[in-house]
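Hi,

Here is the structure I said I'd pass on. Have a look at it first, and then read on for what turned up.

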Amino acid sequence: MPDMSVAPSTIVLEESAPLDAAAPSEHTGGPRAPRWTPSRVEDAPLVTGAGRFLDDMDPLPGTLTVAIVRSPHPHARIRGVDLGRARRHPGVTAVIGPDEVLAALRPFPLSVTTAMPYFPTGTDKVRYVGEPVAVVVASDRYVAEDAAELVVVDYELLDPVVGVRNALAEDVALLHEGNGSNVATDRTFSFGAVDEAFAAAAHVVTGGYDFPRYSSVPMECYSVIANWTEDSAGPAIEAWANFHGPFTMVPVMAGALGIPTSRVRLHVPADIGGSFGIKAGIYPYVVLLALASKHARTPVRWSEDRVEHLLASSSGADRMMRFEAAVTTEGIVTALRADLVDNVGAYLRPPEPSTLYRCYGNITGAYRIPAVEIRARAVVTNTMPTGLNRGFGGQQLYFGLERLMDDIAVQTGLDVIDVRCRNLVPADAFPYETPTGGVYDSGDYEKAVRLAVDNADLPELRRHQVEARARGELYGIGVALVVDPSGTNIGYVGLATPAEDRKPGRDKSGSTEHVRVSVDMQGTVTVMLGSVPQGQGHATTARQVAATRLGLPQESVRVVIDMDTATTPWTVTSGSYSSRFAPLVTSAVVQACDRIADTIRAAASTLLDTAPEDLELADGTVRLKADHSRSAQFRHAAGVVHWDPGALPEGTSARLYEEAAFAPREIRAATRDEKINSSLCYGFVAELIAVRIDPETLEIAIERVSSVHDAGTVLNQTLLDGQVYGALTHALGGAMYEEFTYSEGGQPTSATFLDYLCPTSAEAGFPLVADHVVSPSPLTPLGAKGCGEGSSMSFPVALANAVTDALSPHGLRIDSLPVHGNVLHDLLDGLDRRP
């Protein structure tokens, strides 16, 4: 049992003993791949101040600086824009506004056909505070900001629409009159005998839940350099941005600019200052700066400040949801209804409505529920547009589903863990197909749950609860179980369009990832990735995988992670999002390295006078499997390919340069009956939290967290643990501190760090026991699944369940987040706080 007698700031990590590929797994009974635990190759430059962020770079001479004029109003018609004084200001090269945008750009292509055109600036109206209206290009930021104050915009103020419920109300102002409604998309799906199950149910359990909008507040805000050029082939754009994908946004940018995708060249530096999804929303600024460059006839650059970022960058969508469950007397859920309404902000900005559909295949979570009905809507409001945020779609889904499971436990009189275990997908059911088309590849959910409970020492926590309540304290225990999807199938967005309206032959699907591996004449291996990491350690892991497959010391492998769409291998699904790296990128690395290994063995066979199939790669050599004393250096075999290709065996290509595209066949477009396997792999998280609430101050203290993850084969324990800690801290922010809030008049009320609160190391220092089970995925060469988002989905609802348990003596509940002292005060105001 883990030792929990630790100081509040201590993190306790339970790790298994060093792994051996041939040894049985402690938790699964199956084989486990080797675990690598070297230091991260990315760290030294970052901790010594040698990181190269976009604001440190000056790739083009003569680059001028941009300032952006933004709307102070949440909703107003633009009656006129006077740019004259700003254009005459000394040091100003160009100023553009709505007229220039409308003359040169097309609306961004949307994921759904709807009459809500989206441009990088307001054109007819402004629809949120902070929306760009004009751009000033000047000699430096000071001049640009001064000139921006000279832009005069004539606004006709309109009634704002704030919040999901307001957007759905009748006789409310319309953000986009041409659409006739503030509902951007509305779809209903049904699978199985839903009505029959509800008619026969012993219990119908219903709950309404709200999840907030919050962000990732990266260390470096948005930054863009853009250059518009023209030649005999027409216009071309070269841009630098701290963008991380999805690279589906490249054709979206090209569509707005009205140029071929091949004429858009995008660079992404190796260091982008974090993101966790938020910087997927930078692409409108790339287009806007490209247009500014065209008018200035010179390269331009812009670096967002923190206030701009909190006003107008991106956030996760807030969701209003209602769940209903048909339940038997034994607590078995036989059918589920989910009514989901996402607030996507002022526009249905691509890739939205991704948040609604990303977890479509795992809508039933970890539970074997045979019948499902879903209504999925997105509404627009006079708030910042939304997009990707760590765990997007998952936090929202599981907040509703896992609160519902607690409500089922209350109504049936069952224990919250028991009712979950009764409904879990059993270990012998994998691969398991959900009613909506998801195919869970592997898992042992009950074993993970039991491990989480054992590590938490639940009986001890129950004793603490009894003792705390006897002292007049509020003490609660909460649990959450989530299926963690990774390797997203981009085809899920197609579900926002009815099957009959999806054009045959134009389906979308896939989770393809490309890599390029080469070996030079001295035997040094270069791995080029298009995964544009945000700090997760892609270079470290790719180096480990390549070195292992090629039998080399890691020092013989270098990894290139900065991105150039003109030279780096990529496709529309490339990027760092939806936990793609472990299942997809490493699989492509394996494929490319295995082809290289075949060529190296063939080359070494000429040096050792033996058949290639008798050779293996190990310890920097190519050696006979049966006699390790007979070997050749890896670099010498590579030298044969480069210097003496004529000596190669007949049919062997003189090529030490391989590009691999891992494109799993299990990922297909949505079917005509509206099913889709929305991710390649599905991991699992079981989380248990104990909280203590001071009855006087109402401060919530997290007493214990037990977190168990199944991410398939563990490629790097250190990096996996880092992802667990990071996701927990990120989730802590959304659960207790962070929220984008707006007044009834549509003005942001959390646009600085005085009001938008982020957890620090002090708040994140709760006692934690992190552990793992390993259910290797049969769909990836290494058995790995993604691991970057799990606790960001599970922790918020586990905390809400724990606080609800603490408040249960008063008959109170937490059905929205964040939860903190103010929320508790409002709930408990006027009540006797003694249990």
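Let's start towards the end of the chain: proline 818 sits in the loop between helix H19 (790-807) and helix H20 (821-828). Helices (H or I, at least four residues) and strands (E, at least two) are DSSP runs, numbered from the N terminus. The peptide bond leading from leucine 817 into proline 818 is cis, with omega near -5°.

Before going further, this is a predicted model, where local features need pLDDT of at least 70 and side-chain atom pairs count only at pLDDT 80 or more, while totals for chains, interfaces and linings use all residues. Residues are numbered from 1 along each chain as its sequence is written, and side-chain values use heavy atoms, with hydrogens and water left out.

There's another cis peptide bond between proline 350 and proline 351, this time with omega about 10°. Proline 351 belongs to the loop between strand S15 (333-343) and helix H10 (354-357).

Next, the backbone angles. Aspartate 171 isn't a glycine, yet it has a positive phi of about 60°. You'll find aspartate 171 in the loop between helix H5 (164-168) and strand S8 (183-191). Glutamate 674 also has a positive phi without being a glycine, at about 70°, and its place is the loop between strand S27 (657-662) and strand S28 (679-693).

Are these two residues buried or exposed? Aspartate 171 counts as exposed because its relative accessible area is 82%, whereas glutamate 674 is buried, at 10%. (Buried means under 20% relative accessible area, exposed over 50%, and partly exposed in between, with a 1.4 Å probe and protein chains only.)

Glutamate 674 also turns up among the contacts of threonine 436, along with Phe191, Tyr360, Gly361, Ile363, Ile374, Lys675 and Ile676, leaving out residues up to four places away in sequence. (Contact means heavy atoms within 4.5 Å.) Threonine 436 lies in the loop between strand S17 (432-433) and strand S18 (439-440). With a relative accessible area of 0%, threonine 436 is buried. Its side chain reaches the backbone oxygen of tyrosine 360 at 2.8 Å.

Leucine 458 is in helix H14 (residues 458-470) and has a relative accessible area of 12%. Leaving out residues up to four places away in sequence, leucine 458 touches Ile417, Val453, Ile477 and Leu688. From leucine 458 to isoleucine 689 is 231 residues in sequence but 10.0 Å in space, C-alpha to C-alpha. Alanine 764, in the loop between H18 and strand S30 (768-772), counts as buried at 16% relative accessibility.

A search of the whole structure gives six cavities of 30 Å³ or more. (On a 1 Å grid over the protein atoms alone, a cavity is a set of points where a 1.4 Å probe fits but cannot get out, and lining residues have an atom within 4 Å of a point; points are joined across faces, edges and corners, and a volume is the space filled by probe spheres set on them.)

Helix H15 (538-550), helix H16 (581-608) and helix H18 (717-737) each supply at least two lining residues, with H18 giving the most, three. By class, this lining has 13 nonpolar, 18 polar and four charged residues. (Ala, Val, Leu, Ile, Met, Phe, Trp, Tyr, Cys and Pro count as nonpolar, Asp, Glu, Lys and Arg as charged, and the others, Gly among them, as polar.)

The second largest cavity holds about 70 Å³. Its lining includes Tyr118, Phe119, Pro284 and Arg349, and has eight nonpolar, two polar and two charged residues.

Cheers

Notes:
1 Å grid on protein atoms, 1.4 Å probe; cavity = no way out; pocket = protein on both sides within 12 Å on 5 of 7 lines; lining within 4 Å. Polar contact = N/O pair within 3.5 Å; in protein donor to acceptor, adjacent residues only side chain to side chain.
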